Amino acid sequence: MMTRLWNGFMHLLLKQIVLVLTVMFCIGVGVALSNMFQLSSNLIRSQAVLNATLYIQAFNQAITLYSDAAADPAKESGLTVTHAYVTEEQAIPLPSTFAIELSDMISDRNPDLSVRFFSDYPFPWRQSEGGIRDEFEQASLDFLRQSPREKFVRFEERDGHTTMRYGEASIMKATCVACHNTHPQSPKTDWELGDVAGVWEIKQPLDTFVQKVNTDLRETFFMLGGISVLGLSGLTLVVGKLRDTAKGLEGRVKERTADLAQANDDLEKRNQLIRQVFGRYLSDEVVVNLLESPGGLKLGGDRRKITILTSDLRGFTSLSERLSPEEVINILNLYLEYMADVINQYHGTIDEFMGDGILVLFGAPKAREDDAIRAIACACAMQLAMGAVNEHMKVLGLPRLEMGIGINTGEVVVGNIGSEKRTKYGIVGSQVNLTYRIESYTRGGQILISEQTFKEAGPNVRISGQQQVQPKGVKQPITIYEVYGISGFHNLYLPKEEEIFLPLPKPVPLQFSLLEGKEVSKTHFQGKLMQLSATGAQIQVTTPNGISSINEFANLKLTLLASNPAQNLNDIYAKVAKTQASQDAFSIYFTSMPPHVQTWLTNLYQSCTR
């Protein structure tokens, strides 16, 4: 009796143990399968996003190829490039029309994928299908306008089905801006380079991927159920295998994610390096035009109105002749570093450094409404920055530097100039030459602007005088204005220094010649130094009829004569400020002289004040 009871109890206990172990096994298998399903789902979503990214990349490359290889040559050959190419003879579609029709074709032929372009500014003929349709499209456009280099992805669940919606910004390139801003039916005409015009959307159901994974998981589950019947001895091996599989999937997801993150990081570092290197030779806006516009490197240009600023150091050529090449380079680097910082602050485009000269563009490659006024504010800030430059010059034991600035506004051709092997972003036109002529009239510390710039800049410009001049190559006289400051937002003013001339106790005889460009005239005039100021002098001409050859703004080379010719003071350069023909006299501003001459004239001037 006891034996039967004991055998029955043991039989029941073994059944309970087998049941418990079986339940534990099924729970372990279920957990493992659940983990596998979750990891598979993550991998599917990551792969779907990657596929969409590659689709858009290939799509953009196809559009660029069509634009460069078909649309542009078609225009040059006289064909019409239009959205209505079907109804017009000798016509092909616009690149944007080609892109939209290509996306429709892909969507029609692939039931598991749809491609669509939408915008909040569709052209009239695309109002019905090209506008925003739902909340996702509005949200993606809002997000990408703030972060145009990001992606906008959402997975939508509806009736047990998952759909991926992927959005990527369509960036306005130079050719797009030109077309949209000039087309008579364009709903928006103030596009700028780099704006987000709309969004390319990839929409893809994930049911096919999910169904395949679920089928594989069900087969695995039934297989494991069959194995469980064979005995509990294989339980540990099966569960371990499932865990290994889950870990493998998890590792693949992490590895793929890390690879994508590393690729993005490498790409960003490469772009930063390119911008950093290019930025040392070109302005930020020119770099953006080159790197982000497919036509950025094309030769050619377009006509536009811009404001041009050019500056030059007075007497730097003669100063550099007295210094070593290393000292000249150090001075130039010091001066140009200060000037470049100021120019960048006022969003000017440095087109060229020409020795001690600088050519700056306001309005290219990007035009702004306040180009003229910013150019004048920049010029004032540059003159004020010369104070810091000369503090460094004083520490180095070198003479002061003085700079003249000329500004002009007019139409030029701006773009890429050169050849396929070597190209320069620059400007061409008579207005460029006129700017250099205006600058040539300046003396150290002066800013002279043309009448057109004065009109463009408005009432905030403060001038201390105006004068009519007739530059070389200009048929009619022009009016130039001397600027001493600008009010309003910029609020910059140059220090005013009163010029006090003192008569010399005894006139100093001298000889002078006119400078014609970089050449010194062989005709010599005689005169006397009658009065001195801190920066200039008044001269009386003693050569008969010599005053008739002297014009305002003329550049001179002077020699102060001593009784012993070996003691003559040479290599003095000056600019004529004002002539008094009735008295055979004129005033000058010194632009350059050797240090020992500067010392001699300073001592002479100070002796007149005692």
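Which residue takes a positive phi in the hairpin of β21 and β22? Asp584 does, with a phi near 50 degrees, and four residues lie between the two strands. Keep that hairpin in mind; the text returns to its strands below.

This is a predicted model, in which local features need pLDDT of at least 70 and side-chain atom pairs count only at pLDDT 80 or more, while totals for chains, interfaces and linings use all residues. Residues are numbered from 1 along each chain as its sequence is written, and side-chain values use heavy atoms, with hydrogens and water left out.

Start with the whole chain. It holds 14 helices and 22 strands. Both are DSSP runs numbered from the N terminus: helices are H or I with at least four residues, strands are E with at least two. Of the 610 residues, 39% count as buried. Buried means under 20% relative accessible area, exposed means over 50%, and partly exposed lies in between, with a 1.4 Å probe and protein chains only. Now take the contacts (heavy atoms within 4.5 Å). Among those with a separation of 6 or more, 62% join residues 24 or more positions apart.

Next, an open sheet. Four strands stand in the order β3-β6-β5-β4, with antiparallel pairing. Strands pair if DSSP finds at least two bridges between them. β3 (114-118) and β4 (151-158) are at the edges with a single partner strand each, so one side of each has no neighbour in the sheet. From one strand to the next, the twist averages 20 degrees. β3 and β6 (residues 196-205) run antiparallel and are joined by five bridges. Here Arg116 stands opposite Glu201 in β6. Helix α2 (residues 95-109) lies across β3 and β6, and runs at about 150 degrees to β3. Such angles run from 0 to 180 degrees between N-to-C directions; the axes are lines fitted to C-alpha atoms, for helices over the stretch in contact.

Leu401 touches Leu313, Phe316, Leu319, Ile331, Met386, Val389, Asn390 and Met393, leaving aside its neighbours within four places in sequence.

How do α10 and α11 meet, and at what angle do they cross? Their axes come within 9 Å and cross at roughly 150 degrees. The crossing is right-handed. That is the term when the near helix is turned clockwise from the far one by less than a right angle; anticlockwise is left-handed. On the α10 side, the contact includes Leu334, Tyr338 and Met339; on the α11 side, it includes Met382, Ala385 and Val389. By class, the contact has 15 nonpolar, one polar and no charged residues. Ala, Val, Leu, Ile, Met, Phe, Trp, Tyr, Cys and Pro count as nonpolar, Asp, Glu, Lys and Arg as charged, and the others, Gly among them, as polar.

β10 is mostly covered, with twelve of its 16 residues buried. Three bridges join β10 to β12, and the two run parallel. Gly406 stands opposite Leu448 in β12.

Two loops deserve a look. In the loop between β9 and α11 sits Pro365. The peptide bond from Ala364 to Pro365 is cis, with omega near 0 degrees. The loop between α10 and β8 (349-354) holds His347. This residue is not a glycine, yet its phi is positive, near 60 degrees. His347 is partly exposed, at 43% relative accessible area.

Finally, back to the strands of the hairpin. β20 (residues 555-560) and β21 (residues 569-580) run antiparallel, joined by five bridges. Asn555 has Lys575 in β21 as its bridge partner. Seven bridges join β21 to β22 (residues 585-592), again antiparallel. Tyr573 stands opposite Ser592 in β22. Asp571 lies in β21. It has a positive phi of about 55 degrees, although it is not a glycine. Asp571 is partly exposed, with a relative accessible area of 36%.
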